Amino acid sequence: MTGRIENELKIEKNIMSTLSTMPYFATEWYYNLKASKTQMSSCNDYLNKLKRFLLFINRDVMNIEPKDIKLSDVERYFISIQKKFDVNNNIVYT
């Protein structure tokens, strides 16, 4: 598979697999992205980022409701992804 269409089909298959492990609102968001003609690779990237965020909030991703997500969850997540470690394994914020 080397063509553009084949590549998009491969990405869409990956997206469907990812969505099967995520709550209903992720699927709704995906179809909204797709309807707005967002590139398949971007949709895949956005969904993976959403999944990492949801896993950060609660390992039981399927039971997360949007109303349960607090601003403090978002802030803690952003802080966590800013952490980097130097050669001595000390936390360095970027």
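**Charge pairs, core and aromatic rings**

Good morning. I begin with R76, which is partly exposed at a relative accessible area of 43%. For these classes, buried means under 20% relative accessible area, exposed means over 50%, and partly exposed lies in between, computed with a 1.4 Å probe on protein chains only. The model is a predicted one, in which local features need pLDDT of at least 70 and side-chain atom pairs count only at pLDDT 80 or more, whereas totals for chains, interfaces and linings use all residues. Residues are numbered from 1 along each chain as its sequence is written, and side-chain values use heavy atoms, with hydrogens and water left out.

Which residue forms a salt bridge with R76? The partner is D73, and the closest N and O atoms of this pair are 3.3 Å apart. A salt bridge here is a side-chain nitrogen of Lys or Arg within 4 Å of a carboxyl oxygen of Asp or Glu. D73 is buried, with a relative accessible area of 8%. Both R76 and D73 belong to helix α4, residues 71–82, and stand three residues apart, about one turn of the helix. Helices are DSSP runs (H or I, at least four residues), as strands are (E, at least two), and both are numbered from the N terminus.

By the salt-bridge rule, the count comes to five. Among them is the pair of E8 and R4, whose closest N and O atoms are 3.5 Å apart. E8 and R4 lie in helix α1, residues 4–19, four residues apart, again about one turn of the helix. E8 is partly exposed at 27% relative accessible area, while R4 is exposed at 59%. A further salt bridge joins D68 to K67, with 3.3 Å between the closest N and O atoms. There, D68 is partly exposed at 38% and K67 is exposed at 70%.

I turn now to the interior. A nonpolar core is a set of buried Ala, Val, Leu, Ile, Met, Phe, Trp, Tyr and Cys residues joined through side-chain atoms within 4.5 Å. The largest such core has 17 residues, of which I15, L19, A26, Y30, L47, L50 and L54 touch the most other members. Helices α1, α2 (24–35) and α3 (40–57) each supply at least two residues of this core. Which helix provides the largest share? It is α3, with six residues.

For contacts, the criterion is heavy atoms within 4.5 Å. Leaving out residues up to four places away in sequence, I15 touches Y30, M40, C43, N44 and L47. N44, a residue of helix α3, is buried at 14% relative accessible area.

Finally, the aromatic rings. Rings of Phe, Tyr and Trp (its six-membered ring) pair if their centres lie within 6.5 Å; planes under 30 degrees apart count as stacked, over 60 as edge-to-face and the rest as tilted. Six aromatic pairs are found in a search of the whole structure. In one of these, the ring centres of F56 and Y77 are 5.3 Å apart and the planes stand at 65 degrees, so the pair is edge-to-face. This pair links distant parts of the chain, with F56 in helix α3 and Y77 in helix α4, 21 residues apart. F56 is partly exposed at 30%, whereas Y77 is buried at 12%. Ring pairs also link F53, F56, Y77 and F78 into a cluster.

Thank you.
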